[in-house]
Amino acid sequence: MNAEPANTPGRPPVAARPKALIIGNSDGIGLALTRRLLREGWLVTGVSRRASPIGDPSYEHDVHDVSDPSYGARLAALQERKGPFAVCVYCVGIGHPFDPGDLAAETQVFRVNLLGAVETSSVVLPPMLAAGRGHFVALSSIADASPSAAAPSYAASKAGLSFYLAGLALAVRSRGVYVTNVRFGFVDTKMAKSPVRPMMMTVDRAVELLMRCLRTRPAQMTYPRSMAVLVRLLGWVVASKLWFS
């Protein structure tokens, strides 16, 4: 556990620096976003299943699994000590090829991709609503638009997350709080497991888009849009086969 950061010459006083909470940031997009925010003067707290490679006085890391039953209480205690947070970004996501011999893995995907995000929002949103400001961001996926025989739990959990975030954005916007659903296609991380990965973007590009989200606070960001259109068309094809088979 890091000590409280001290004031640094050339930077705003600690009390004036914005605070971010990043869930799922020991690698990939979450790690790159954390480093970017630290460079821009934020105070950042991170939570992930593994230790963080970041050693920075403006950063604190908590090792915890979002699917653990104690996650909500652990996050609430962390927020009490390190908050209030201006921004929370949920970057956690898992996915597995469908295995009929291991349906427990399907359940775990929903716990992490959907229920972990819902529990995070239930902890971080009340202080934001009380203050009348704040921004909750979660990474869903373009895969939310089409059923998937290869990974049904991944597509379905992301669809559930996208619909929840859309409704949540409508519910809290009038109270000064923003919710953003980020729907990326393939990003060059360990999550990109498909043998075919069209229009794959770099992690740096994904972080640039997230930084734009933090500035503009849209209800939804989809990128790349052309791939999103193709996935939605595929979803209609799959659905038609189910309806008329």
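Visitor: How many bridges join strand 1 to strand 4, and what makes two strands a pair?
Guide: Strand 1 (residues 19-23) and strand 4 (residues 87-90) are joined by 4 bridges and run parallel. Two strands pair if DSSP finds at least two bridges between them, so these two qualify. Isoleucine 22, for instance, has valine 89 in strand 4 as its bridge partner. Strands here are DSSP runs of E with at least two residues, and helices are runs of H or I with at least four, both numbered from the N terminus. A word on the source: this is a predicted model, in which local features need pLDDT of at least 70 and side-chain atom pairs count only at pLDDT 80 or more, while totals for chains, interfaces and linings use all residues. Residues are numbered from 1 along each chain as its sequence is written, and side-chain values use heavy atoms, leaving out hydrogens and water.

Visitor: Which order do the strands of the open sheet take, and why are strand 3 and strand 7 said to stand at the edges?
Guide: The 7 strands follow the order 3-2-1-4-5-6-7, with parallel pairing. Strand 3 (59-63) and strand 7 (220-223) each have a single partner strand, so one side of each has no neighbour in the sheet.

Visitor: Why is helix 3 called roughly parallel to helix 4?
Guide: Their axes cross at roughly 15° and come within 8 Å. Axes are lines fitted to C-alpha atoms, for helices over the stretch in contact, and angles run from 0 to 180 degrees between N-to-C directions. Angles under 35 degrees count as roughly parallel, over 145 as roughly antiparallel, 65 to 115 as roughly perpendicular and the rest as oblique. That is why helix 3 is roughly parallel to helix 4.

Visitor: What about helix 2 and helix 3: at which angle do they cross?
Guide: Helix 2 (residues 71-82) and helix 3 cross at roughly 30°, with axes that come within 10 Å. Helix 2 is therefore roughly parallel to helix 3 as well.

Visitor: How do you know that arginine 50 and aspartate 27 form a salt bridge?
Guide: The rule asks for a side-chain nitrogen of Lys or Arg within 4 Å of a carboxyl oxygen of Asp or Glu. Here the N to O distance is 3.4 Å, so the pair passes. By this rule the count comes to 7 salt bridges.

Visitor: What does the pair of arginine 50 and aspartate 27 tie together?
Guide: Arginine 50 lies in the loop between strand 2 (43-48) and strand 3, and aspartate 27 in the loop between strand 1 and helix 1 (28-39), so the pair links parts that are 23 residues apart in sequence.
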